[in-house]
Amino acid sequence: MDTLCKDYFRQQQLRKIDGAELVSQNEHNLNCVITFQTHSILQSFMLRFEDLHLDCNDHLYIYDGAHAVSTPKWDLSCRDTRELVGPIHTRTNHVTLRYVTDNWGTERCGFHLIITAIKDPQTACNDFKCKTKEFCVHTDLVCDGVNHCADGSDETAGEKCGRGEIGLVLGMSVTNIVVGGVSALLILGLAVVGVAVCVYRQAPANPGANAFQPVHHAGLNGAGHAAPGSALNHGTTTLTRGPMGAHGLGPQSMGAMHMANPPHTLSLMQPGNWLRPVGTPLGYSAVRARLYCCLAK
């Protein structure tokens, strides 16, 4: 309203409209008059408030005519609310608003007014016909985001607004439904790929493919059971590469395995703690075994 009221040159002019949306919020020191006119004499105006909270010192005068003279048809102030006022209809094809405010107010003070030029249902309608009251409104007011018919039918017209039955049931347009479905499929595909990658990374490798398996024969920690000077006083470790696996085998099983599939063995003859330090478990990892092989050479 403040923008219209500052246009002093056009305040007294008649503004021909099919529809208008006026918003006022905490405006001070206004005293302006605005007149609207329909394009046809067969039309009238319907005024409907989406919000109405006026200060007790502010007044909105509504005249059913082209001039703000005599007594206004409606005098709205703090005692009036949107529910109490309801839709307002003029008898003529003109409506004049006079808005008067003082220098005090809060952010809540103001109004949201929708003005629509309508044609009586009994006359021929070449534009859009509202569903409930069957008012005829201009097609430019259909699907513009403003509820001009008061029943919302001008904003839910399936063919004109590009909304089918799905949009009316779910409250969304067909475009939004398609975009949402594609996004959901993409997210689901990414989730499946992520799970597959995690499972593949956690799968165990073949434990006996290329690993060296230590087999201890005697002389652990230099503590052989044979007499001093015997061959068992030196520890002997055979590193086996092949199909033995990671489990220990008995002497008979070892012999059978060597005959069936001879492994590649490397014997290290080193005395004392060189083969197994005290406190370490029996056997060596493949990396440590390779290091010992290099040192033995």
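**A strand and its partners**

Tutor: Let's start with strand β4 (residues 43-53), which pairs with β9 in the antiparallel sense over 10 bridges. Strands here are DSSP runs of E with at least two residues, helices are runs of H or I with at least four, and both are numbered from the N terminus. Two strands count as paired if DSSP finds at least two bridges between them. On this side, His 53 stands opposite Gly 110 in β9.

Before we go on, this is a predicted model: local features need pLDDT of at least 70, side-chain atom pairs count only at pLDDT 80 or more, and totals for chains, interfaces and linings use all residues. Residues are numbered from 1 along each chain as its sequence is written, and side-chain values use heavy atoms, leaving out hydrogens and water.

Now for another partner of β9: strand β2 (residues 19-25) also pairs with β9 in the antiparallel sense, over seven bridges. There, Val 23 has His 112 of β9 as its bridge partner.

What about β9 itself? Strand β9 covers residues 110-119, and nine of its 10 residues are buried. Buried means under 20% relative accessible area, exposed means over 50%, and partly exposed is in between (1.4 Å probe, protein chains only). In a regular strand, side chains alternate between the two faces of the sheet.

Of its 297 residues, 35% are buried.
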